[in-house]
Amino acid sequence: HTRFGNVTGVQTCALPIYGNIPPFEVELKRADGPPRTVRAQYRLTSAMGRPWSMCLATYVDVTEEHRAARAQEEARRAAEDANRAKSDFLAVIGHEIRTPLNGVLGMAQAMDLDPLTPLQRDRLHVIRESGGALMRLLDDLLDISRIEAGHLALDWEPFDLCAADRKSTRLNSSHVSESRM
C-alpha cells in the first residue's frame, strides 16, 4: 500500500547491477479514486557486499503537472485559432471594403475629367487623397494578415517623408476647416 491506496501499474526495464534506473512515469489506477501519474526513480545499492540488496525508491505525484501542461497546450491552441480567425476576418473585410472604395475612387477619377470650379476640383482632390489613404490603410491591414500567415514580401522603395507630411497636413486641414477647429 502507498498513499495512493490499492494501485496497479506495470513498468518493466532492464536493471543495472548498481546505480540508478532512469526515472519513468507511470499511471497508477486507484481502486478508491481517479488515476494518478507518478514519476518513479529507483536506486539500487549493495549492502554487505551483495548486489541488489537494497533499493531506494522515490515516487513523485506529477498528475497536476500533467494537467497544467495539457491546459497550457489547450490555451495555446485556442490562442492560435483566435489569431487565425482574426487574420481571416481582416483579409475578408479588407477585400470587402476595397471593392466599393475602388468604385468611389473610379468615380472621382471620372469626375476629374469634367469641367469643375476650383472649389469643386479642390474638394475632388481631397476625396481622391482620402480614398487613397483608405486604400493604403486596407493594404496595411492585409499586410498584417500576410505577416501572420508568413506570406509577406517586403519591397524597398524610396520614401519622401516631407511629401508624406505635406499630404497629411493637406488632408487634415480640410477636415479641420470644415469642423471649424
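Tyr59 is partly exposed, with a relative accessible area of 47%, where partly exposed denotes the range between buried, under 20% relative accessible area, and exposed, over 50% (1.4 Å probe, protein chains only). The model is a predicted one, in which local features need pLDDT of at least 70 and side-chain atom pairs count only at pLDDT 80 or more, whereas totals for chains, interfaces and linings use all residues. Residues are numbered from 1 along each chain as its sequence is written, and side-chain values use heavy atoms, with hydrogens and water left out.

The protein contains three helices and four strands, which are DSSP runs numbered from the N terminus (helices H or I, at least four residues; strands E, at least two). Read from the N terminus, the order of these elements is β-β-β-β-α-α-α. Of the 181 residues in the protein, 17% are buried.

Two aromatic pairs were counted, under the rule that rings of Phe, Tyr and Trp (its six-membered ring) pair if their centres lie within 6.5 Å, with planes under 30 degrees apart counting as stacked, over 60 as edge-to-face and the rest as tilted. Tyr42 and Tyr59 form an edge-to-face pair, with 5.9 Å from centre to centre and 85° between the planes. This pair links distant parts of the chain, since Tyr42 lies in strand E3 (residues 36–47) and Tyr59 in strand E4 (residues 50–61), 17 residues apart. Ring pairs join Phe24, Tyr42 and Tyr59 into a cluster.

Two of the helices, H1 (residues 63–111) and H2, have axes that come within 9 Å and cross at roughly 160°; the axes are lines fitted to C-alpha atoms, for helices over the stretch in contact, and the angles run from 0 to 180 degrees between N-to-C directions. H1 is therefore roughly antiparallel to H2, a term applied to angles over 145 degrees, while those under 35 count as roughly parallel, those from 65 to 115 as roughly perpendicular and the rest as oblique. The crossing of H1 and H2 is left-handed, meaning that the near helix is turned anticlockwise from the far one by less than a right angle, with clockwise giving right-handed. The contact of H1 with H2 has 15 nonpolar, nine polar and five charged residues, where Ala, Val, Leu, Ile, Met, Phe, Trp, Tyr, Cys and Pro count as nonpolar, Asp, Glu, Lys and Arg as charged, and the others, Gly among them, as polar.

The 49 residues of H1 should span 72 Å at 1.5 Å a residue, which agrees with the 72 Å between its end C-alpha atoms; the expected span is 1.5 Å times one less than the number of residues. For H2, the 32 residues should span 46 Å, and its end C-alpha atoms are likewise 46 Å apart. Buried residues of H1 include Ser87, Leu90, Gly94 and Leu101, and those of H2 include Gly131, Gly132, Met135, Leu138 and Leu142.

Asp139, in helix H2, is partly exposed at a relative accessible area of 28%, and its C-alpha atom is separated by 7.8 Å from that of Gly94, 45 residues apart along the chain. Ala149, also placed in helix H2 (residues 118–149), is partly exposed at 45% relative accessibility, and a C-alpha separation of 9.6 Å is found between Ala149 and Asp88, which are 61 residues apart along the chain. Just after H2, Gly150 adopts a positive phi of about 75°. Leu152 belongs to the loop between H2 and helix H3 (161–178) and is partly exposed, with a relative accessible area of 30%.
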